[in-house]
Amino acid sequence: MSENTNDNQNVVEQEEDLNEILRVRRSKLADLQENNKDPFKIIKYEVNSSTKCIVDNFEEMEGKHVSIAGRLMSKRGMGKASFCDIQDRDGRVQLYVRINEVGEEPYEEFKKYDIGDIVGIVGEVFKTHKGEISVKVSEITLLSKSLQPLPEKWHGLKDVDTRYRQRYVDLIVNPDVRKTFITRSKIISSIRKFLDSRDFLEVETPLLNTIPGGATARPFTTHHNTLDIDLYLRIAPELYLKRLIVGGLERVYEIGRMFRNEGMSVKHNPEFTMMEVYEAYNDYKGMMELTENLVSNVAMEVLGTNTINYQGTEISLAPPWNRMSMIEAVKKYADVDFDLIKTDEEAIAAAESKKLHLNKEKTWGEILNLMFEEFVEEHLIQPTFIYDYPVEVSPLTKKKPDRPELTERFEVFNIIGEMGNAYSELNDPIDQKERFVAQVKKREAGDDEANMMDDDFVTSLEYGMPPTGGLGIGIDRLVMLLTDSSSIRDVLLFPTMKPRE
């Protein structure tokens, strides 16, 4: 018999086994319903403790009666006494179920419970002869019937595609996954706490935009039927947040979803979470200090340390972080000095000497940025601020007074890659309009990621925006870093997936 034949036979047998399990579980539910014990008709169950509370505070809890609820994850025994494990959000604890404690009829019903069923229990906290913290059950109630079997105990849910598609199962059977998303929530809460303590105001701006501004990216398009206009899912909240600075709110931030109709990879998802911060009377150097202090503070508060291990590499998040201009970085890692290159033609020649393919005519600044992307980024392992970006790739940023071909902008890099972007924000409405015009020309030439003209934003600047520092940080990449996750899908509860055929 061939190996393929054996594989096919195994698949058929597994499907038959699964169908039998599904049939038996539905039969059990039908029996319960016929006897007026339908678990799905239970409205509420009073809970006064948790598995973590019991385990962490055993000395105080010992001998006390508790009411907890969770999912049945294992069963052992089944004579007149059984042990089982119950799992809630924070962990597991062992249950000791005796016929003499719960009664004969409830015990017989309990014996029919399946792994995965959700139960509520009342019982006394104690420790077994083997020293395991447990709950001696006096009452047990079936709160929900699991009609699907959980993945087999020893193999778990390993298939990556299935884990992402069925995150609800992934969370049940993989404690580390559950921990990652609890940590994610704590990271976002810590960011809010940090900014709120510095008198920043959290705000909300539109997700549906008439103009997809604030970043260089391809938007998703939708249509509003009543207004009969096309709208765009936002690619960044920047232009709305800067309108609020004009309005006098001075320190604002937003944490929310962004949408970019671009490629997918271990670092990119079409919808993602970003935090943007704007502070009047500050600049990009102030944003550097804010960035390193915020990330270090969050790591200390959530993880208890600002020295972490990411995929086997030790990363220090303690301030101050490395700082290097883009020109310095390209000189160091590509051995090309753009301080000595003065014209577009000289920059093109330098690119060609490095075997860089230029698919269209590019300027001095565009080639500087290209060389940085090609030769520098991979070397930036420890947190590093790369500053003074070319004006061509920074349409919303103030120019450097002494070098107008450069802007007061930085991006922050680490072992994950680019994690944040910040500017001394352009507040000159005349200059801003000219840069929008240049972006529109790029768009008309075929660059569908170039900015559109935003006349209302220019009008807002004409009312006067104070000198302002702005910062954007990719929350998903920060969570990847702080949870040692190798893919952005591991830190998104429901990553974008192609539907199964």
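This is a predicted model: local features need pLDDT of at least 70, side-chain atom pairs count only at pLDDT 80 or more; totals for chains, interfaces and linings use all residues.
Residues are numbered from 1 along each chain as its sequence is written, and side-chain values use heavy atoms, with hydrogens and water left out.

Two packed helices are described by the angle between their axes and the distance between the axes. Axes are lines fitted to C-alpha atoms, for helices over the stretch in contact, and angles run from 0 to 180 degrees between N-to-C directions. Helices (H or I, at least four residues) and strands (E, at least two) are DSSP runs numbered from the N terminus.

Helix 11 (residues 326-334) packs against helix 13 at an angle of about 50 degrees, the axes being 9 Å apart. The two helices are therefore oblique to each other. Their crossing is left-handed, a term for a near helix turned anticlockwise from the far one by less than a right angle, right-handed being the clockwise case. In the contact (heavy atoms within 4.5 Å), Met326, Ile327, Ala329, Val330, Tyr333 and Ala334 of helix 11 meet Trp364, Leu368, Asn369, Met371, Phe372 and Phe375 of helix 13. By class, this contact has 11 nonpolar residues, one polar and no charged; Ala, Val, Leu, Ile, Met, Phe, Trp, Tyr, Cys and Pro count as nonpolar, Asp, Glu, Lys and Arg as charged, and the others, Gly among them, as polar.

Helix 13 (residues 364-375) also packs with helix 12 (residues 344-353), where the axes come within 8 Å and cross at roughly 25 degrees. Helix 12 and helix 13 are therefore roughly parallel, and their crossing is left-handed. Trp364, Ile367 and Met371 of helix 13 are met by Asp344, Ala347, Ile348, Ala350 and Ala351 of helix 12. Seven residues of this contact are nonpolar, none is polar and one is charged.

For helix 8 (residues 175-197) and helix 10 (residues 284-303), the packing angle is about 130 degrees and the axes lie 9 Å apart. Helix 8 is thus oblique to helix 10, and the crossing is right-handed. Helix 8 contributes Thr183, Lys186, Ile187, Ser190, Ile191, Lys193, Phe194 and Leu195 to the contact, and helix 10 contributes Leu290, Asn293, Leu294, Asn297, Val298, Glu301, Val302 and Leu303. The residues comprise nine nonpolar, four polar and three charged.

Grid points are joined across faces, edges and corners, and a volume is the space filled by probe spheres set on the points. One cavity of 30 Å³ or more was counted. The largest cavity holds about 30 Å³ and is lined by Pro212, Ala215, Ala217, Pro219, Ile235, Arg443, Asp448, Glu449, Ala450 and Asn451. Its lining has six nonpolar, one polar and three charged residues.

The second largest pocket contains about 570 Å³ of space. Of its 18 lining residues, Leu18, Gln148, Pro149, Leu150 and Pro151 lie nearest its centre. Helix 1 (3-34) and helix 7 (167-173) are the elements that give two or more residues to this lining, which divides into 10 nonpolar, four polar and four charged.

Most residues other than glycine have a negative phi, and most peptide bonds are trans. Glu250, not a glycine, has a positive phi of about 70 degrees; Glu250 is in the loop between helix 9 (238-246) and strand 10 (251-259). The peptide bond from Pro319 to Pro320 is cis, with omega near -5 degrees, and Pro320 is in the loop between strand 13 (313-316) and strand 14 (322-325).

Technical notes: Angles under 35 degrees count as roughly parallel, over 145 as roughly antiparallel, 65 to 115 as roughly perpendicular and the rest as oblique. On a 1 Å grid over the protein atoms alone, a cavity is a set of points where a 1.4 Å probe fits but cannot get out, and a pocket is an open set with protein on both sides within 12 Å along at least five of seven lines; lining residues have an atom within 4 Å of a point.
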